[in-house]
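Please brief me on the structure shown below, with the cut-offs behind each term stated once.

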Amino acid sequence: SAVLVVANSNLSMGFDEAEHDRLVQLEYAVTVIESGEIADGSFTIDNCNEFDLLIISESIMSYEADNIIGTTTPIMHNESHGWDNWLFTAAGAGGWQVGINVNIVDDTHPIIVDAGVSLGEMQFYDPQGEWTTELISLLAPGAELIAKMTPLNSTDEHAIIFAIEEGAELADGSAA
């Protein structure tokens with residue numbers, strides 16, 4: 001079972017509909033929760049812990065899922081401005097970056113192995129698109145960088161896909 005946290009339950013923003021449809025294709029029973037339900041306390045950590053997977057959409061405001069920080073459910077968090085709230089990164093500039101390609105830097109991680117993607121540069125968007133990222137230098141010490149990108153008109157490398165396993169060191173030195 002998966003819970004998908006979005007800004008609007010009609011799935012009209014960002015990648016929400018595509019994420020929902022992909023989860024269904026993978027045979028997850030998907031529950032859609034609007035971020036306001038977390039912010040107002042009607043969806044709690046205990047509710048979240050009943051699911052096998054938590055997906056936090058980039059469509060929400062960065063702080064709107066903070067009331068479920070501490071869940072034991074595995075998380076895919078797509079809103080980079082919220083990553084520092086969850087201690088996945090130190091506070092930084094992050095945010096929306098424009099580009100076409102990503103660079104897979106770890107082809108041994110299960111995420112990449114399962115995706116069947118090879119090491120190196122690959123097209124991510126056509127035409128160029130925007131996605132949320134954070135500077136690689138701000139990743140938590142226990143984070144494993146999987147894919148990075150360099151925004152158009154920049155030389156700064158940004159993390160776009162990374163993993164933090166249970167027990168790994170977070171940005172404040174605590175364990176995930």
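Where is the place of His 20? His 20 sits in helix H1, residues 16–25, helices (H or I, at least four residues) and strands (E, at least two) being DSSP runs numbered from the N terminus. This is a predicted model, in which local features need pLDDT of at least 70 and side-chain atom pairs count only at pLDDT 80 or more, while totals for chains, interfaces and linings use all residues. Residues are numbered from 1 along each chain as its sequence is written, and side-chain values use heavy atoms, with hydrogens and water left out.

- His 20 counts as buried at 19% relative accessibility, where buried means under 20% relative accessible area, exposed over 50% and partly exposed in between, with a 1.4 Å probe and protein chains only.
- Leaving aside neighbours within four places in sequence, His 20 is in contact (heavy atoms within 4.5 Å) with Leu 4, Leu 11, Val 30 and Val 32.
- Four strands form an open sheet in the order S2-S1-S3-S4 with parallel pairing, two strands being paired if DSSP finds at least two bridges between them.
- Strands S2 (30–34) and S4 (75–77) stand at the edges with a single partner strand each, so one side of each is left without a neighbour in the sheet.
- From one strand to the next, the twist averages 15°.
- Strand S3 (residues 53–56) runs parallel to S4 and is joined to S4 by three bridges; the bridge partner of Ile 56 in S4 is His 77.
- H1 lies across S1 (2–6), S2, S3 and S4, and runs at about 175° to S1, with axes fitted as lines to C-alpha atoms, for helices over the stretch in contact, and angles from 0 to 180 degrees between N-to-C directions.

**Aromatic pairs**

- The structure holds three aromatic pairs, defined for rings of Phe, Tyr and Trp (its six-membered ring) whose centres lie within 6.5 Å, with planes under 30 degrees apart stacked, over 60 edge-to-face and the rest tilted.
- One of them is edge-to-face, because the rings of Trp 83 and Phe 162 have centres 4.9 Å apart and planes at 85°.
- Trp 83 lies in helix H4 (residues 80–83) and Phe 162 in strand S10 (residues 158–163), so this pair ties together parts 79 residues apart in sequence.
- Trp 83 is buried at 2% relative accessible area, and Phe 162 is buried at 16% relative accessibility.
- Trp 86 and Phe 88 form a tilted pair, 6.0 Å centre to centre with 40° between the planes.

**Salt bridge**

- The structure holds one salt bridge, meaning a side-chain nitrogen of Lys or Arg within 4 Å of a carboxyl oxygen of Asp or Glu.
- Lys 148 and Glu 157 form this salt bridge, with their closest N and O atoms 2.8 Å apart; Lys 148 is buried at 17% relative accessibility, whereas Glu 157 is partly exposed at 37%.
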